[in-house]
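User: Please examine the structure shown here and answer a series of questions on its fold, packing and confidence.

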Amino acid sequence: MNKYNDMNMPLYNIEDEEAEALATDKDYEYIKSMYPKMAREIAGYVEEECDKMEYEGSSMFSEYPDKSTVMVMAQNIYNNGNWNRRNDGCRDRDCHDGHKRPVPPPYVPDRRDMDNPFLSLIEVMLCNEINCRRNRYNRRMRRFR
């Protein structure tokens, strides 16, 4: 098959672009499968929140996305998740070492606590997911321009 038109310009091949997009998406899913367990759980919430924003005219696809929108999305993820678990899996007073320990009240910082590394992780994962969706959206929109 001739890959050039009459003017010696390469022809646009949509099948090649679709195959490349599929390979990129598959690679991204593979990398996400290597996330630690908690990050995979966060990723599910991040994807749900991004699904709500994936519509034509969404600020997620604007040239310069609004930082405050991203922060509100991250706060929604933080508020909707069940993040008040102890890191060692000990949910009651009987812990794996056999000693009784008092169960401390869960620490749930509010948004003013800017040094919350957990919320920062959510924001980073959210920005990454938004970036991937913007790339996919722009790749698809190029076909129809």
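The questions and answers below concern this predicted model.

Analyst: In this predicted model, local features need pLDDT of at least 70 and side-chain atom pairs count only at pLDDT 80 or more, while totals for chains, interfaces and linings use all residues. Residues are numbered from 1 along each chain as its sequence is written, and side-chain values use heavy atoms, with hydrogens and water left out.

User: Which pattern does the protein chain follow along the sequence?

Analyst: Helices (H or I, at least four residues) and strands (E, at least two) are DSSP runs, numbered from the N terminus. The protein chain has four helices and zero strands. Read along the sequence, the pattern is α-α-α-α.

User: Which element has the highest mean pLDDT?

Analyst: pLDDT is the predictor's confidence in each residue, from 0 to 100. The protein chain averages 76, and 66% of the residues score at least 70. Among the elements, helix H1 (residues 14-33) has the lowest mean, 83, and the highest, 93, belongs to H2.

User: How many residues apart in sequence are the parts tied together by Phe61 and Tyr137?

Analyst: Rings of Phe, Tyr and Trp (its six-membered ring) pair if their centres lie within 6.5 Å, and planes under 30 degrees apart count as stacked, over 60 as edge-to-face and the rest as tilted. Phe61 and Tyr137 are stacked, at 4.1 Å centre to centre and 15° between the planes. Because Phe61 lies in the loop between helix H2 (37-53) and helix H3 (67-80) and Tyr137 in helix H4 (residues 117-143), the pair ties together parts separated in sequence by 76 residues.

User: Is Ser58 buried or exposed?

Analyst: Ser58 is found in the loop between H2 and H3. A polar atom of the Ser58 side chain lies 3.1 Å from the backbone nitrogen of Met60. With 2% relative accessibility, Ser58 counts as buried.

Conventions:
Buried < 20%, exposed > 50% of the residue type's maximum accessible area, 1.4 Å probe, protein only. Polar contact = N/O pair within 3.5 Å; in protein donor to acceptor, adjacent residues only side chain to side chain.
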